[in-house]
Amino acid sequence: MEKTRLQQWIDNSQCINFIEMTLLSDAQGLGRLDIDLIKEAEIFKTKQKRQIKTRSKYLTLSKLWIFGAYELVRLIDEITTTREDLVSQESRTKIKQVKIELEKIRIPLTKFKVPTRQKPEKKNRLFSQVPDSFIDSSGEVGWRVYTIIDRRQTETYYRRSFGDLLLKLLESISENMRAK
């Protein structure tokens with residue numbers, strides 16, 4: 001039987017107990033918010049003309065989810081880098097990769113600039129000050145980051161894909177811990 005997304009979050013976030021117990025409720029809270037945002041996407045898919053207040057709340061919660069997910073992964077990275085015995089090298093590598101992926105949207109959303117760790121050719125591009133938030137036809141929240149020089153050049157990111165990415169990271173860490 002396939003697990004519900006909530007059960008996946010609950011089961012896979014248990015690995016946090018072995019890294020830093022106090023982060024477990026944060027990880028599971030992000031999981032519950034992830035599920036709420038997915039349900040909201042379904043509503044937006046069927047009712048595109050939602051009230052502005054509801055739309056604004058949905059966009060804001062999606063942005064806050066990104067901030068929380070980034071901070072959770074950043075702290076896990078910091079702890080596991082300091083205490084290498086907590087997780088395998090494979091898990092530490094995956095943690096760093098997810099942190100870098102989250103930075104790609106978190107930094108433009110919070111600092112209105114491109115992440116400094118991006119490739120030099122991208123680092124020197126000028127970006128618009130604020131990423132363009134949108135809700136697509138499937139009800140999903142995304143952000144477009146445009147270059148100032150050529151607004152046709154964009155990078156697009158979706159909140160749900162980051163939810164999937166974080167959930168897969170927790171699953172991978174859990175599997176590696178069981179194998180240890």
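Guide: In helix α2, the end C-alpha atoms are 34 Å apart, which agrees with the 33 Å that its 23 residues should span at 1.5 Å a residue. The expected span is 1.5 Å times one less than the number of residues. Helices (H or I, at least four residues) and strands (E, at least two) are DSSP runs, numbered from the N terminus.

This is a predicted model, in which local features need pLDDT of at least 70 and side-chain atom pairs count only at pLDDT 80 or more, while totals for chains, interfaces and linings use all residues. Residues are numbered from 1 along each chain as its sequence is written, and side-chain values use heavy atoms, with hydrogens and water left out.

Among the buried residues of α2 are Leu24, Leu30, Ile35, Leu37, Ile38 and Phe44. Here buried means under 20% relative accessible area, exposed over 50%, and partly exposed in between (1.4 Å probe, protein chains only).

Rings of Phe, Tyr and Trp (its six-membered ring) pair if their centres lie within 6.5 Å; planes under 30 degrees apart count as stacked, over 60 as edge-to-face and the rest as tilted. By this rule there are three aromatic pairs. Phe44 and Tyr58 are stacked, because their ring centres are 4.8 Å apart and their planes stand at 15 degrees. Since Phe44 lies in α2 (residues 24–46) and Tyr58 in helix α3 (residues 52–82), the pair ties together parts that are 14 residues apart in sequence. Phe44 is buried at 1% relative accessibility, and Tyr58 counts as buried at 3%.

A further pair, Phe134 with Tyr158, is edge-to-face, because the ring centres are 5.6 Å apart and the planes are at 90 degrees. This pair links distant parts of the chain, with Phe134 in strand β1 (residues 132–135) and Tyr158 in strand β3 (residues 154–158), 24 residues apart. Phe134 is buried at 8%, whereas Tyr158 is partly exposed at 29%.

Strand β2 (residues 141–146) has five of its six residues buried. Two strands pair if DSSP finds at least two bridges between them. β2 pairs in the antiparallel sense with β1 over four bridges, and with β3, also antiparallel, over five bridges. Gly142 in β2 is the bridge partner of Phe134, and Tyr157 in β3 is that of Trp143.
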